[in-house]
Amino acid sequence: MAEPARLAAADRPSTLTGAVRAWRDWLASEKRASAHTIDAYERDLEVFLDFLQGHLGQMPNIADLAALKPADFRAWLARRAGGGYAKTSTARALSVVRGFFRFLERREVLSNAAIFAIRGPRIPASVPKALTVGEAADTLQSVGELASEPWIAARDVALVSLLYGAGLRIGEALSLNRGDVPKGDTLSVTGKGNKQRIVPVLPAVRSAIEDYLARCPYQGGPDEPLFLGARGKRLQAGIAQRTMRQARGWLALPETATPHALRHSFATHLLAGGGDLRAIQELLGHASLATTQRYTSVDAERLMDIHRRAHPRDR
């Protein structure tokens, strides 16, 4: 993990505003966080600082942050709990605030060990919601029947085929350019933290992309977006999510049937078919194997359901 470089005393931020600005710059330049991630982190920090303003009776400064006690941080967590924030949201906010304090400590701006002694809310282990093989196949077919124009139908089929057939995140798929179109059996994908990985591309997925490009009325060079909206601009995630909502209603699928559920389905179906967990980790671009191991719970639940429905002693 990249650490913020130590600065000369004259270059260290002396105000809280300057510290927040330096932290944001570090997230963008060193951590290579996306603009969306940085905005989300900054909102979490702003909510924390707004709490401190009311808690301390004044807008906090760097000295105030250094003087905070465990009770102050617990009061902030209690306020969030009473305000109806989800445990997952509070856990993320605590991680963001810890990261901010860690950044300031490494920059020798302040030191406060109290934030690292605070225990966050216990988060129940979440199990990804995957579609069945039949539901995934129905989704691939239905998205092509819902669009008003043939080229948009081909686009939606190509996008859904890529999400389910290669396990891409929706943001990864929509960030592809025409020059990224697979000419062979693999595709280079840029994931979180600008990390690149190579994923296999099934013939059916490659065929769907080729059909879409042949029908697309907008032409462009290798640096132009692959997936386009109706007006020829890069397709937005909200449009893809709306298409999945329409397919979900058409097929009477649960609300968990989202574009990201197709990625979950990709991993779950590979695992059910005997796929190696380490290989699936590489295909998904997970930094930690623990993240991929959640899919073993999904498959175990499926097997238990089959057992309950099929075993004579369970009837």
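Contact here means heavy atoms within 4.5 Å. By that rule, residues 24 or more positions apart account for 61% of the contacts in the chain with a separation of 6 or more.

A quick word on what you are looking at. This is a predicted model, in which local features need pLDDT of at least 70, side-chain atom pairs count only at pLDDT 80 or more, and totals for chains, interfaces and linings use all residues. Residues are numbered from 1 along each chain as its sequence is written, and side-chain values use heavy atoms, with hydrogens and water left out.

The chain has 14 helices and 2 strands; these are DSSP runs numbered from the N terminus, helices being H or I with at least four residues and strands E with at least two. Of its 315 residues, 40% are buried. Buried stands for under 20% relative accessible area, exposed for over 50%, and partly exposed for in between (1.4 Å probe, protein chains only).

**Helix H9**

Take H9 to begin with. Its 13 residues, 203–215, reach 18 Å from the first C-alpha to the last, close to the 18 Å expected at 1.5 Å a residue (the expected span is 1.5 Å times one less than the number of residues). Val-205, Arg-206, Ala-208, Ile-209 and Tyr-212 are the buried residues of H9. They sit on the same side of H9 because they cover an arc of only 160° around the axis, the arc being that of the directions from the helix axis to the C-beta atoms. Helix H7 (150–166) is included in what covers them. On the other side of H9, Pro-203, Ala-204 and Ala-214 are exposed.

**H6 against H10**

H6 and H10 pack with their axes 9 Å apart, at an angle of about 110°. Axes are lines fitted to C-alpha atoms, for helices over the stretch in contact, and angles run from 0 to 180 degrees between N-to-C directions. H6 is therefore roughly perpendicular to H10, a label for angles of 65 to 115 degrees. Among the residues making the contact are Asp-138 and Leu-146 of H6, and Met-244 and Trp-250 of H10.

Most residues other than glycine have a negative phi.

Conventions:
Angles under 35 degrees count as roughly parallel, over 145 as roughly antiparallel, 65 to 115 as roughly perpendicular and the rest as oblique.
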